[in-house]
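Here is a short briefing on one structure. It covers aromatic rings, a helix pair and charges over rings.

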Amino acid sequence: MTILGEFALWMALPISFWGMTMGFVGGRYGRGDLVLSAERSVYVVFGLLLIASLGVIQAFLADQFQYWYVANYSNRELDTYFKIAGLWAGQRGSLLFWAVILAFFSSIAVFQNRRRNREFMPYVVGVLQGILAFFVVVLLFAKVNPFERLGFTPPDGAGLNPQLQNYWMTIHPPTLYFGFTAFSIPFAFAIAALLTGRLDSRWIVVTRRWTLVSWFFLTNGIIFGMRWAYEELGWGGYWFWDPVENASLLPWLSSTAFLHSVMIQENRGMLKIWNMSLVLLTFLLTIFATFLTRSGLIESVHSFAQNTEIAMIFLAFMGSVLAGSVVLILYRLPALRSENQIESFLSREAAFLLNNLVLLGAAFAVLWGTIYPLVSEAITGQAVAVGPPFFNRVNIPIGLVLLALTGIGPVIAWRKASARNLKKNFLLPLLVGAGVVVIFLGLGARDGYALATFGLSAFVLTVIVVEFWKGTRARARIEGEGAFAALLHLVGRNRRRWGGYIVHAGVVMIFTAFAGSAFDREIRKVLNPGESVSVASPFGHTYSLVYEGISSSREPNFDRWVALLSVEKDGKPQGALTTERRFYRVNRQMITEVGIRSTPLEDLYVILADVEDFEGMVTNNPDAQRIVVQVMVNPLVAWIWYGGLIITVGSLIALWPGPEAGPRSRTARQGAAETETDLVEASA
Amino acid sequence: MELIAAVLLVIVTAVFLLQPILAGKAAPLVSPQAEPTEAQFRKRVALQQLRDVEYEYAMGKLGDADYRSLKSRLSAEALAAIRAEKEEEGGIHGDAAAVAEASEAELEREIALLRARISGGPFCSDCGRPNPAGARFCAHCGASLGAPAVSDSSE
Amino acid sequence: MPMKNGRFFVGLGGVALVVSYLVWTGIKDTMVYYLTPTELLAKVESDPHFHEVGVKVSGKVVSGSYSRLQGELLHRFQVHDIEHEQVAFWVEYEGVLPDTFTDDTEVVLEGRYGADGVFRAKTVLTKCGSRYEAAPEELKHPAEIEIRS
């Protein structure tokens, strides 16, 4: 199976080039037979890359350490679970994994459009196969072939990095890769639209949905990454402004911008060049994210070892994509002119535009902070470091502006809003926001940014709730429905809009959670069995933890030491909490597994920072059982995960296919009623 | 064993990819299904916006002045889109005045329908047209409307 | 009354300016020098003012130098320059060391180099060429440039 996989990877090379050529040639000369062959080649490449991926997994499962990749990322005792995840644990496998997901999405796009959007498809296939060909070339010729052999067979592998041996590791990277790769489809349609010159709403309609798919996975991927960092890396935080984290944030920011500005194009026929540029930019940023991770140019906790071949080949690819896209846009400039102009600063489109500018501003700040050390060293020769203080300082104010716009956008009217209209809609939310700030001030919170976040969050949530309430009430009155049915129908009829509001609510929850970190408490203490440590929560109560004792055990892949602490909150027992350290024998590495007691209000986060005597503690000598713990109280962290769930629900509502275009009742056939089911959605 | 699989893989792939060219089997280059044209798309968007405006007015989000100005501009846009659609369809030939008249008639129908839906008037079970709230007989064909306020749950 | 495109570009320029200002001052105020121990000692020598400036330093922990004062949470170890092993200084750090910290790792320290010759670190990070690609020596393949020793 593994040899067949290697063969399939090589075979994918000519097939993807075949598909790229046939797509472009067939499209250019109107040859349907060539186009059909190109479309079939997409399925073939997917099949081949799938065989290759299964080959890698098979090599992991069969402990075939003669392969460099397996030898470096696995060992005999590794859980089967993690052996399968080995496919994306390291650079080589993850590139293959990336390619196979891209081929999977490409196949779906081709299948979906067998009878639709036919003018675009030859070029869409051509572009997608071009991207696939690029990744296959990288895999085969940039010293990252996952099937490379060592020339000898070690008795056992080096093992998987213990920090990757975590449940979230099996979920976080694939989700992120799904998000990155799915954006290739909008890019392919954008290029096809530019090539064919069909620049009306058609490509936007197809692209919008795929962008939402990509955005959905990206968002979840980033949140899963935070979860992993929080549980596994044991520093009590979830975001470190690490270059690779930043790299995943960049396409998120630009695709968020696109999701908003695309609405302006749909409704007002404006911003065509802008939207086209955002698609190209987002695609480039997804490739840039891979580049940053794979090239090892910038130091990061995530980066794989430095590899100059990869850096060069990625730079060349990004450069040619950028150059080609810019030329195409310039060539089609006349067809991309706006049909309308912005009428007033007090309008929804102006708010969306501002949101776009601010999102791109954030992206620019993050990008610049990430590459600044490289730039500075190249120019002045002096190495410098740009860290979290920079990113927090720049991005917190930007984030607050975005948060405010989240509340303003939905209420302000398209085209031109009057001052009276604004007053009418904003009075209540503003009062609620101000009220929340006053309450928190009264409770003793003094952090300006946190107060602003809480106030704005309350403002936005009020706006959203009022929207839902007014909409439901209007519908209940008009249709004579009960409140619940009215709400369901309201959301069902314009899924994108109401789903979007739900996503906003999730984003607000996450912002609130971020602000909570301003009130983190922590304490470090040396403990002997029976001794206790107390930590005050910012919510006013006090936790006290009594160290009961420590035990050790030997697991297949590691030794573990588990400290048991009993928790009391204001004197009331809350049960026990364990926190542990593990020694992975094959990797010869010690890692901590933090103990977390999560409540909606706050997390109690306990790190076993040190064990006095790893060998001696089994001898039951009380002195040898001395440990060092770091106890943290992290307020509101759980709201990030809740917010993620809400975002998932909202995105799924927005993504859910509209009802079938066929009318269900006689009256619905009368035209106007049809507008209520989004035709755009049904046809996309 | 794996050698046989590899050979099979190559053969199957070659047949699959070359068959369209050798047997002259072609993928369609234009969509066989009717796709909404640009004019239809614009019409949908304009009507959807009109509906949103009506709704927001009913929700109390829009003041009277805003409502009227938005409404007149959106109507103009919808009218332009409907006219473009009619010209595209070529249903009415030549006479520009006839096209304009037919478009206006259609827009009026659409708006009447929208408004009827918002105001909760019943739909005629015979001709399917909307009627003012509380009507007992259809204003268009005279059929009895039966129980008032028939709501359409498919919306 | 359609808005002139000019006004729109003014708005665009305004946002761009504000963001640029934030980025510019942000970099200026938060950026720290990233030095090797040799560079750090040279800088301090030429300009004693550097004792008060926060810096980032990468070096290697001197084997066997690590100690933790019993019952205290203070870590103490010596760090030497990777290229010039004789250049070394003591580091004190109060906090939790990263999991990958051993007696022999490459570390990245952030903090201040005091006038008493002790580096008081605010953060300690380990730098194993790549954290997720720890390849033991015995697997090293001559043609592999990927494994960092």
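Is A:F391 buried or exposed? In this predicted model, A:F391 is buried, with a relative accessible area of 1%.

**Aromatic pairs**
- The count comes to 50 aromatic pairs over all chains.
- One of them joins A:W241 and A:F391: the ring centres are 5.1 Å apart and the planes lie at 10°, so the pair is stacked.
- This pair links distant parts of the chain, 150 residues apart. A:W241 is in the loop between α9 (202-233) and α10 (243-268) of chain A, while A:F391 is in helix α14 (residues 388-411) of chain A.
- A:W241 is buried too, at a relative accessible area of 14%.
- A:F288 and A:F291 form a tilted pair, 5.9 Å centre to centre with 40° between the planes. They are 3 residues apart in helix α11 (residues 272-295) of chain A, so about one helical turn separates them. Both A:F288 and A:F291 are buried.
- A:F288 and A:F291 also belong to one aromatic cluster, whose members include A:W88, A:W98, A:F135 and A:Y177.

**Helix pair**
- Helix α5 (residues 91-112) and helix α6 (residues 121-141) of chain A have axes that come within 10 Å and cross at roughly 170°. α5(A) is therefore roughly antiparallel to α6(A).
- By class, their contact has 16 nonpolar, 1 polar and 1 charged residues.
- On the α5(A) side, the contact residues include A:R92, A:W98 and A:S106. Among those in α6(A) are A:M121 and A:F135.

**Charges over rings**
- A:R92 lies over the face of A:W68, at 3.9 Å from the ring centre.
- The charged end of A:R28 sits over the ring of A:Y29, 5.3 Å from its centre.

How values were computed. Residues are numbered from 1 along each chain as its sequence is written. Chains are lettered from A and ligands numbered from 1 in the order in which they are written. This is a predicted model: local features need pLDDT of at least 70, side-chain atom pairs count only at pLDDT 80 or more; totals for chains, interfaces and linings use all residues. Side-chain values use heavy atoms; hydrogens and water are left out. Axes are lines fitted to C-alpha atoms, for helices over the stretch in contact, and angles run from 0 to 180 degrees between N-to-C directions. Helices (H or I, at least four residues) and strands (E, at least two) are DSSP runs, numbered from the N terminus. Angles under 35 degrees count as roughly parallel, over 145 as roughly antiparallel, 65 to 115 as roughly perpendicular and the rest as oblique. Contact means heavy atoms within 4.5 Å. Ala, Val, Leu, Ile, Met, Phe, Trp, Tyr, Cys and Pro count as nonpolar, Asp, Glu, Lys and Arg as charged, and the others, Gly among them, as polar. Rings of Phe, Tyr and Trp (its six-membered ring) pair if their centres lie within 6.5 Å; planes under 30 degrees apart count as stacked, over 60 as edge-to-face and the rest as tilted. Buried means under 20% relative accessible area, exposed over 50%, partly exposed in between (1.4 Å probe, protein chains only). A charge sits over a ring if NZ of Lys or CZ of Arg is within 6 Å of the ring centre and within 35 degrees of the ring normal.
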